[in-house]
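Please read these notes with the model open beside them. They cover the strands, the cores and the metal site in turn.

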Amino acid sequence: MTTQALFREDAYLTRCEATIAAIGDEGILLDRTVFYPLGGGQAGDAGALVLSDGTRIDIADTRKAKFEDATPDDALHVPAPGQDAVLERLAAGESVLAEIDWARRYRHMRLHTASHLMCAVLPYPVDGCSITVDYARLDFATVEPIEREFVETRLASLVDGGHRVGTEWITDDEMAARPELVRTMSVKPPMGLGRVRLLRIEGVDLQPCGGTHVRNTAEIGALRVAKLEKKSARTRRLVLELAS
Ligand SMILES: [Zn+2]
């Protein structure tokens with residue numbers, strides 16, 4: 001089976017009704033979900049699954065399923081520790097309300113969209129990327145020095161510009177024919193579903209991405225460069241934080 005990944009069409013969905021498809025040692029598989037699984041540098045969602053009798057199962061993380069025959073969209077909802085009694089009486093076929101920790105996810109969305117702006121500010125290949133609730137960390141493959149003030153000024157101008165953020169789809173074949181669209185060396189385009197999602201920030205950036213983003217750069221708000229360091233002779237690491 002394939003989990004229907006509702007966050008892909010609408011990143012602002014905070015909850016959905018779903019049915020438990022399977023329960024394993026590593027997590028709970030649903031037929032549809034609003035939980036984003038760790039991938040493309042973006043952290044997995046946390047939240048809760050609420051059973052029909054009101055019992056809450058706290059979800060600490062979401063991961064892509066690794067079992068045989070798993071599709072790229074199959075997501076395992078990983079329960080927080082200490083809930084064995086509830087999990088033991090859980091059965092496939094049961095209905096749940098799947099609800100993400102929206103405050104946490106919205107920070108992921110703002111920081112993730114900010115990392116796309118970073119790609120527009122600095123024209124270097126990205127060879128590492130991590131987006132968490134607290135920061136976006138990007139490693140740029142370059143020997144050029146990077147100036148904090150330049151980065152912060154350019155980012156502020158792109159945020160204030162209120163650029164629209166939207167998605168477009170191309171086929172796997174079209175993606176393979178346009179390798180120049182790929183900015184992140186360490187993250188492969190989300191291929192294997194027959195089509196690839198492109199994220200366009202109007203007038204700013206276009207690249208394949210399967211993550212969750214805000215609708216307009218203005219939603220990102222103020223950013224600051226928390227860290228800027230030489231990670232290696234050929235890599236500069238930059239850590240961005242939300243200033244509010
Ligand atoms: Zn993205």
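Is β5 largely enclosed by the rest of the structure or exposed? Point 2 takes this up, after a remark on conventions.

1. Conventions. This is a predicted model, in which local features need pLDDT of at least 70 and side-chain atom pairs count only at pLDDT 80 or more, while totals for chains, interfaces and linings use all residues. Residues are numbered from 1 along each chain as its sequence is written, and side-chain values use heavy atoms, with hydrogens and water left out. Helices (H or I, at least four residues) and strands (E, at least two) are DSSP runs, numbered from the N terminus.

2. Strand β5. Five of the five residues of β5 are buried, so this strand is largely enclosed by the rest of the structure. Buried here means under 20% relative accessible area, with exposed over 50% and partly exposed in between (1.4 Å probe, protein chains only). Gly 47, Leu 49 and Leu 51 point one way, Ala 48 and Val 50 the other. In a regular strand the side chains alternate between the two faces of the sheet.

3. Partners of β5. Strands count as paired if DSSP finds at least two bridges between them. β5 (residues 47-51) is joined to β6 (residues 56-64) by four bridges, and the two run antiparallel. Within this pair, Gly 47 is opposite Ile 59 and Leu 49 is opposite Ile 57. The hairpin of β5 and β6 has four residues between the strands, and Gly 54 there takes a positive phi near 95°. β5 is also joined to β8, by five bridges and again antiparallel; Leu 51 has Val 96 as its bridge partner in β8.

4. The barrel. β5 belongs to a set of six strands that close into a barrel in the order β2-β3-β7-β6-β5-β8, with antiparallel pairing. Its neighbouring strands are turned by 45° against each other on average, direction ignored. The axes behind such angles are lines fitted to C-alpha atoms, for helices over the stretch in contact, and angles run from 0 to 180 degrees between N-to-C directions. β6 and β7 (residues 75-79) share five bridges and run antiparallel, with Lys 64 opposite Ala 75. β2 (residues 15-24) and β8 (residues 95-100) are likewise antiparallel and joined by five bridges; in this pair Ala 18 stands opposite Val 96.

5. The open sheet. Three strands form an open sheet in the order β11-β12-β13, with antiparallel pairing. β11 (165-171) and β13 are the edge strands, each pairing on one side only. On average, neighbouring strands of this sheet are turned by 25° against each other, direction ignored. β11 and β12 pair over seven bridges in the antiparallel sense, and Arg 195 in β12 is the bridge partner of Thr 171.

6. The cores. A nonpolar core is taken as a set of buried Ala, Val, Leu, Ile, Met, Phe, Trp, Tyr and Cys residues joined through side-chain atoms within 4.5 Å. The largest has 33 residues, and those with the most contacts inside it are Met 118, Leu 122 and Val 151. At least two residues each come from several elements, among them α4 (148-160), β10 (136-141) and β14 (223-232). The largest share, seven residues, comes from α3. A second, separate core of 17 residues includes Leu 30, Leu 49, Leu 51 and Ile 57.

7. Leu 238. This residue is found in strand β15 (residues 235-242) and counts as buried at 0% relative accessibility. Leaving aside neighbours within four places in sequence, Leu 238 is in contact (heavy atoms within 4.5 Å) with residues including Met 118, Leu 122, Val 151 and Val 225. Its C-alpha atom is 9.7 Å from that of Cys 129, 109 residues apart along the chain.

8. The zinc site. The protein donors of the zinc ion are His 112 (NE2), His 116 (NE2), Cys 209 (SG) and His 213 (NE2), at 2.0 to 2.1 Å. Donors are N, O and S atoms within 2.8 Å of the metal (3.2 Å for Na, K and Ca); water is not among the atoms, so sites may look incomplete. The angles among the four donor atoms are 102 to 124°, and the site is tetrahedral, a term applied to four donors if all angles lie between 85 and 135 degrees. Along the chain the donors follow the spacing H-x3-H-x92-C-x3-H. His 112 lies in helix α3 and Cys 209 in the loop between β13 (205-208) and β14, so the pair ties together parts that are 97 residues apart in sequence. His 112 counts as buried at 3% relative accessibility, and Cys 209 counts as buried at 10%.

Definitions and conventions
Tetrahedral: all angles 85-135°; square planar, octahedral: opposite > 155°, others 65-115°.
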